Amino acid sequence: MNGKARAWDLHCDTITDGCRRGYGLRGNQAHFDLDRLPPEWGWCQTTAIFIPDQYRGQDAVDYYEKNYSFFCRQLEENSAKAEQARTAADVDRLLEKGKTALMLSVEGGAVLAGRLEMVERLRECGVRMLTLTWNGANELGGGVAADTGLTDFGRDALRELEAAGIAADVSHLNDRTMDDVLRSARRPVLATHSDSRAICGHRRNLTDDQFRAIAEMGGVAGINFCCPFVDPCGERQEGEPDRASTCARVLPDMLLRHIWHFLELGGEDAIALGSDFDGCTIPAFIGGAAGLATLRDCMLQSGLGEELTDKILFRNARRFLEQYDQSR
C-alpha cells in the first residue's frame, strides 16, 4: 500500500438500505458500490446496521439479525473483492491483499433490547462500534429528538461495551446524554458521523466543547457528508430518498470549513471520515464513494498537506480502533 491513497469511512447505511430495497454491495446505484471505489485505493468501510426508532425489545433484536444475515450473504457473494475486518491488523492485511475491508457497526442501542448479554452477541458478530441512540430515546439514553439523559442501564451498557472492545459512538445523542457519556466513559469514544455545530448550527453536530472532550480522551469525529449538517443551504431529500441522492448547493469549501475548524480546536489526531453514504443526501461534487478522490484533491489544494490528509482519510480512524483491539 506504500504511496497509495487510503480511506477509512466510519459510517455508511448501505447494508440496511440494501437489505430493505433489495440491492447488494456491487453493481448498484447507491453511494457505496465495491465496483466504483477509487481505483488503486485501499479502502476500509464501516458498514452500519441501522435500527429505526420504531423497533424496540425483541423486534429490534430480530431486525438486527435479519440485517446481519444480509451482511453475511454480501460477504459470501463478494468474497473476491471484500472481507470482514474485526481488527486494525485485519484492515492492514486486507488492504495489502488488494481487498476492501468491511467493518461492522450498529446504529442504535435499541439492539441490546435492555439486556447486557446482547453485547456479547454483537462482539461475536464482529461489531466494533455501537451508536448509543438514534434520534429518539431508548433503553440507554436520549437522542437529539428526546430530552432524557444516560440511563442506569446505559451506564452499565457502556462498561460492557468497553470491556468487549466495542467503541461507544456518540453521534445522534442529545447534549444531556452526550455530557453524561463523556463524564462516564473510561475509554475513548467516537462520533462516527458528526460535523461542527459552530460552522453549521444543526443539533446533530458537535459543539466545540464536545469535540475537544472527544479529542482529549483519544477519540475521533468522522466528518459527515449529510448536506444539511454541512451548511444551512444543504437540501434534505423529502420523502423516500433516491439511492444516490445529492445536493449541488454544498460546495467543497463548505465541507472543508468543518475540518479546518476542528483543526483549530487541536483536532489533528481526532478528525476522520463518516460519510453517511446511503443514509442521507450528500454533496454532488462527491456523489458517492468514487468522489472521495475528488475530496482528497480538494483537501490537498486547501493546504492540508499529504500527511495530514492521510491522517484524516485513514490513519486517525485506524489509531482509534487499535486502542480497542486488545479487548477482542
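Helices (H or I, at least four residues) and strands (E, at least two) are DSSP runs, numbered from the N terminus. The model shown is predicted, so that local features need pLDDT of at least 70 and side-chain atom pairs count only at pLDDT 80 or more, whereas totals for chains, interfaces and linings use all residues. Residues are numbered from 1 along each chain as its sequence is written, and side-chain values use heavy atoms, with hydrogens and water left out.

**Figure 1. Thr100 in strand S4.** Strand S4 comprises residues 100-107, and Thr100 belongs to this strand. Leaving aside residues up to four places away in sequence, Thr100 is in contact (heavy atoms within 4.5 Å) with Leu34, Leu37, Trp43, Lys81, Ala82 and Glu83.

**Figure 2. Gln45 in strand S2.** Gln45 is part of S2, which spans residues 42-50. The relative accessibility of Gln45 is 0%, and the residue therefore counts as buried. Beyond residues up to four places away in sequence, Gln45 touches Asp9, His11, Cys12 and Phe32, together with Ala101, Leu102, Met103 and Phe277.

**Figure 3. The largest nonpolar core and a separate one.** A nonpolar core is a set of buried Ala, Val, Leu, Ile, Met, Phe, Trp, Tyr and Cys residues joined through side-chain atoms within 4.5 Å. The largest such core has 89 residues, of which Tyr64 and Leu112 touch the most other members. Helix H2 (residues 58-77) gives the most to this core, contributing eight residues. The contacts of Leu112, not counting residues up to four places away in sequence, are Met118, Val119, Leu122, Leu130, Leu140, Phe153 and Ala157. Another core, of 19 residues, lies apart from the largest one; Met103, Phe320, Leu321 and Tyr324 are among its members. In soluble globular proteins, nonpolar side chains tend to be buried together.

**Figure 4. Packing of helix H2 with helix H4.** The axes of H2 and H4 (residues 118-125) are 13 Å apart and form an angle of about 5 degrees; axes are lines fitted to C-alpha atoms, for helices over the stretch in contact, and angles run from 0 to 180 degrees between N-to-C directions. H2 and H4 are therefore roughly parallel to each other (angles under 35 degrees count as roughly parallel, over 145 as roughly antiparallel, 65 to 115 as roughly perpendicular and the rest as oblique). On the H2 side Val61, Tyr64, Glu65 and Tyr68 take part, and these meet Met118, Arg121, Leu122 and Cys125 in H4. By class, this contact of H2 with H4 has six nonpolar, no polar and two charged residues, where Ala, Val, Leu, Ile, Met, Phe, Trp, Tyr, Cys and Pro count as nonpolar, Asp, Glu, Lys and Arg as charged, and the others, Gly among them, as polar.

**Figure 5. Packing of helix H5 with helix H6.** H5 (residues 152-164) packs against H6 (residues 175-184) at an angle of about 45 degrees, with their axes 11 Å apart. The two helices, H5 and H6, are therefore oblique to each other. The crossing of H5 and H6 is right-handed (left-handed if the near helix is turned anticlockwise from the far one by less than a right angle, right-handed if clockwise). H5 contributes Arg155, Leu158 and Arg159 to the contact, and H6 contributes Asp180, Val181 and Ser184. Two nonpolar, one polar and three charged residues make up the contact of H5 with H6.

**Figure 6. Packing of helix H9 with helix H10.** Between H9 (residues 252-264) and H10 (residues 292-301) the packing angle is about 65 degrees, and their axes are 11 Å apart. H9 is therefore roughly perpendicular to H10. H9 passes H10 in a right-handed crossing. Pro252, Leu255, Leu256 and Ile259 of H9 make the contact with Leu295, Cys298 and Met299 of H10. This contact of H9 with H10 has seven nonpolar residues, no polar and no charged.

**Figure 7. Asp276 and Asp278 in the loop between strands S10 and S11.** Asp276 lies between S10 (271-273) and S11 (282-283), and Asp278 is also placed in the loop between S10 and S11. Most residues other than glycine have a negative phi. Asp276, although not a glycine, has a positive phi of about 70 degrees; for Asp278 phi is likewise positive, near 65 degrees. Asp276 is buried at a relative accessible area of 7%, as is Asp278 at 9%.

Technical notes. Buried < 20%, exposed > 50% of the residue type's maximum accessible area, 1.4 Å probe, protein only.
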